[in-house]
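Thanks for coming, everyone. I'll keep this brief. Please look at the structure first, then we'll walk through it.

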Amino acid sequence: MYVAVKGGERAIENAHRLLAHERRGDRDVAEVTLAQISEQLALGVDRVMTEGSLYDRELAALAIKQARGDMIEAIFLVRAFRATLPRFGATEPVNTGEMQVRRRISSTFKDVPGGQILGPTFDYTHRLLDPQLAEGFVPEQPAIAEASQAATPRVTDILGRDGLIEPSPQADGDAPVGDLTREPLSFPADRDLRLQNLARGDEGFLLALGYSTQRGYGRNHPFAGEIRFGEVEVEFFAEDVGFAVPLGSIELTECQMVNQFKGSTSEAPCFSRGYGLAFGQSERKTMSMALVDRALRAGELGEEVGAPAQDEEFVMSHSDNVQSTGFVEHLKLPHYVDFQSELGLLRKLRQEFAEANEAVEMQEAAE
Amino acid sequence: MNAPTYNFAYLDEQTKRMIRRAILKAIAIPGYQVPFASREMPMPYGWGTGGVQVTAAILGPDDVLKVIDQGSDDTTNAISIRKFFGKTAGVATTTSTMDATVIQTRHRIPEASLHAGQVLVYQVPIPEPLRFLEPRETETRRMHALAEYGLMHVKLYEDIARFGHIATAYAYPVKVNARYVMDPSPTPKFDNPKMDNCAALQLFGAGREKRIYAIPPYTTVVSLDFEDHPFTRYRFNAPCALCGADNSYLDEIVTDDRGGRMFVCSDTDFCEQRQAAGHHGTESAAPHKEKAHV
Amino acid sequence: MTTIAEMPAGFADKVLSAQSTFRSVMDAMARPGSVQRVAASVGTPAGMMRGSAAIALTLFDHDTPIWLDAAMSATPDVARWLKFHASAPVVADSAIASFALIGDAANLPALERFAFGSSEYPDRSTTLILQVDSLTQGPAFELKGPGIDGSALLQAMIKPRDLFQRLSINEALFPRGIDVVLVHDDNIVAIPRTTRLIASGV
């Protein structure tokens with residue numbers, strides 16, 4: 001006698017119970033706290049906030065803990081929560097020129113007003129595993145100096161003063177800010193939507209695409225004009241009171257790429273721009289984003305569009321790791337109904353093939 | 001911490017309004033894919049987020065919900081979605097096709113004829129029937145605008161040239177109300193004729209691809225074919241081993257590794273109703289019950 | 001001038017009233033010509049019938065520009081009520097409206113003044129909400145099209161008398177077109193762009 005599979009509900013419950021057990025791991029090992037994740041795995045938290053599109057360190061840390069360190073799963077958890085939040089409006093544009101800079105480098109000038117600030121970086125560390133870090137390591141206090149009062153103008157603004165770089169496109173202040181989480185995307189998409197898509201996009205995907213432009217698939221000769229990381233004020237224009245009220249400050253990383261010229265017989269040549277922005281300290285992400293942003297501007301700048309990174313529909317449709325992981329992983333779901341239909345067709349085709357061959361053989365034998 | 005609180009049927013009211021407007025347009029333009037601002041749902045894209053959003057936007061406290069995956073109420077994904085609505089909307093659920101007012105499905109159309117007043121909600125992975133022929137949305141949108149479907153016929157014809165048959169066994173394209181070519185979602189082509197002139201309203205939700213489309217009741221739905229290669233249904237030629245039905249779509253069950261096979265109804269409710277009515281197959285015994293584990 | 005305290009109420013239960021009203025509208029749209037009832041209780045600003053008010057609170061919000069005809073905009077009550085309960089922007093240009101509320105259907109503007117959508121995006125069209133004198137009595141209209149099993153008979157007192165003749169433009173325009181929801185009190189009937197008039201009698 002055949003008994004159809006039942007008891008799926010109990011299987012699900014038991015699987016989730018087992019997952020919770022595995023998540024906790026060896027119960028003799030101390031449980032990791034959200035503060036530990038937020039403080040000691042800070043770059044992971046930054047990535048989850050950036051691609052999760054929600055600035056909340058504590059929730060991002062919770063998501064990482066719940067996801068057992070699976071970053072895409074954590075990003076997904078944050079996104080699903082974000083989708084339930086009421087939306088009050090858009091903040092005033094943040095002014096990264098007035099950022100409280102903690103790190104700031106330019107590869108285009110030896111020195112810049114306000115100085116190059118190396119800040120907390122893996123750059124120039126020798127990638128040697130450090131056994132001291134294994135346990136109980138107490139680092140030295142950081143070197144401390146008087147904070148500089150000097151302004152740190154953006155390198156692209158310095159170039160812009162001489163007209164050497166295209167002006168940063170200014171949005172119409174009254175135009176609504178595009179939001180691809182509220183409006184379905186259609187192509188061609190405006191740059192605000194492209195940048196939003198890239199900011200939410202998978203770091204690995206953007207890294208690969210950015211890299212591909214450097215290797216010749218849509219080359220655009222980038223220089224890292226400036227990368228800066230620090231705190232900026234966020235303000236919200238409250239209609240009730242009639243002015244912008246400060247909401248607090250957030251950490252951002254901004255990358256401005258300076259790329260090969262544009263220009264024509266009617267327009268003086270100047271450098272072009274690629275832009276990257278992310279929550280927290282996310283340098284690889286913002287640099288990749290800036291490369292891809294510039295690549296996606298190929299059409300607008302009169303360049304031939306051919307490489308994957310220049311293809312707006314290709315890039316924007318495949319950048320979101322919550323979407324792509326869902327669809328790739330959905331292949332785990334049962335598909336046996338379709339498979340059965342496919343199987344039936346294949347058997348029929350094979351049978352016809354065999355019959356046809358048999359007929360040919362018989363004919364040949366008769367001849 | 002910003003502790004989460006959730007609305008009736010999970011979605012917030014603004015999202016429901018947006019989806020509801022899209023549903024009305026979809027019904028007014030049968031087979032046309034209406035873009036909508038699909039939300040991130042607490043389940044992965046590709047696992048029914050479109051169907052879930054459509055169901056959440058229409059569901060009310062008086063509804064009776066049935067959820068099937070592969071024709072079965074008991075597959076893990078069907079259970080998971082049914083539990084989601086049980087928890088967030090508190091609606092009554094059923095496994096009975098006849099008793100349900102809203103049926104959410106993945107990959108099957110129930111065997112029993114649907115009746116007026118019912119809504120069948122399909123989960124759709126790739127709503128664009130032309131997508132495998134033309135990956136660009138800008139292009140496929142133009143083709144739909146011009147009703148330029150030659151490419152689809154070329155593809156089907158190439159199948160015939162190569163295999164002697166149209167080599168599409170599921171997600172078999174249809175034309176709705178003599179205008180839009182539409183993807184019926186990955187249902188086996190066996191189910192295609194059930195969409196035609198159906199008494200129930202059929203709604204299709206694709207969450208990741210952000211599209212909603214519909215077939216109103218009593219609407220003409222034709223499977224694409226050629227005069228000399230007419231559309232045919234496929235069903236394994238055997239009665240169901242449990243209920244003896246010879247007209248239902250069958251699951252192939254591998255019983256051993258020596259070529260043993262048996263075939264049973266994919267629609268578990270249909271099969272159980274028949275067994276309850278006294279129909280038998282070669283393998284049937286007492287109605288099966290879930291074994292209690294302690 | 002109405003103050004907020006005098007403003008007619010919205011839905012008693014926002015979530016469930018919107019859900020039940022939507023199902024009535026969805027059923028109406030899925031079964032053209034059939035009379036559906038709006039059950040939810042809702043306040044009505046002067047000039048608005050209960051069905052129209054319930055539909056407005058169910059489908060309108062800040063993403064849907066609304067156009068009001070002269071009857072609906074005779075006093076500021078309707079616009080103010082829509083703004084207060086639905087945050088819906090009232091626009092002067094009917095061609096960009098998602099919905100048009102028609103209180104005096106006899107003076108319905110030419111349909112060309114509303115959005116038909118484009119061939120690529122036929123959904124970007126205006127839906128007309130038209131208040132009429134009766135949806136149960138009056139001349140008979142025999143209808144066919146998707147959603148209708150054979151033919152449907154609607155008895156209604158509709159101004160303009162030639163509404164269906166005007167809507168025949170939908171046949172040539174399809175998939176572009178205009179969808180209409182007729183309202184009388186708490187009864188509603190939908191005429192989507194696919195519905196065709198077979199015959200009309202007395």
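Before the interface, one definition: two residues are in contact if their C-beta atoms, placed from the backbone, lie within 7 Å. Keep in mind that this is a predicted model.

Start with chains B and C. How many residues does the contact take from chain C and from chain B? It takes 30 from chain C and 30 from chain B. On the side of chain C that touches chain B, helix 1 of chain C gives the largest share, 12 residues. That side of chain C has 15 nonpolar, 5 polar and 10 charged residues.

Who meets whom? From helix 1 of chain B, the residues include Arg20(B), Ile23(B), Leu24(B) and Ile27(B). From helix 1 of chain C, they include Ala18(C), Phe22(C), Val25(C) and Met29(C). This helix contact has 11 nonpolar residues, no polar ones and 3 charged.

Next, a sheet in chain B. Three strands form an open sheet in the order 7-6-10, with antiparallel pairing. Strand 7 (180-182) and strand 10 (221-223) of chain B are at the edges. Each has a single partner strand, so one side of each is left without a neighbour in the sheet. Neighbouring strands of this sheet are turned by 30 degrees against each other on average, direction ignored.

Last, one pairing. Strand 6 of chain B, residues 174-176, pairs with strand 7 of chain B over 3 bridges. The bridge partner of Val176(B) in strand 7 is Tyr180(B).

Note on methods: Residues numbered from 1 in each chain as written. Chains lettered and ligands numbered in written order. Predicted model: local features only at pLDDT ≥ 70, side-chain atom pairs only at ≥ 80, totals over all residues. Pairing = 2+ DSSP bridges. Helix = DSSP H or I, 4+ residues; strand = E, 2+ residues; numbered from the N terminus. Axes fitted to C-alpha atoms, helices over the stretch in contact; angles between N-to-C directions. Nonpolar A, V, L, I, M, F, W, Y, C, P; charged D, E, K, R; others polar.
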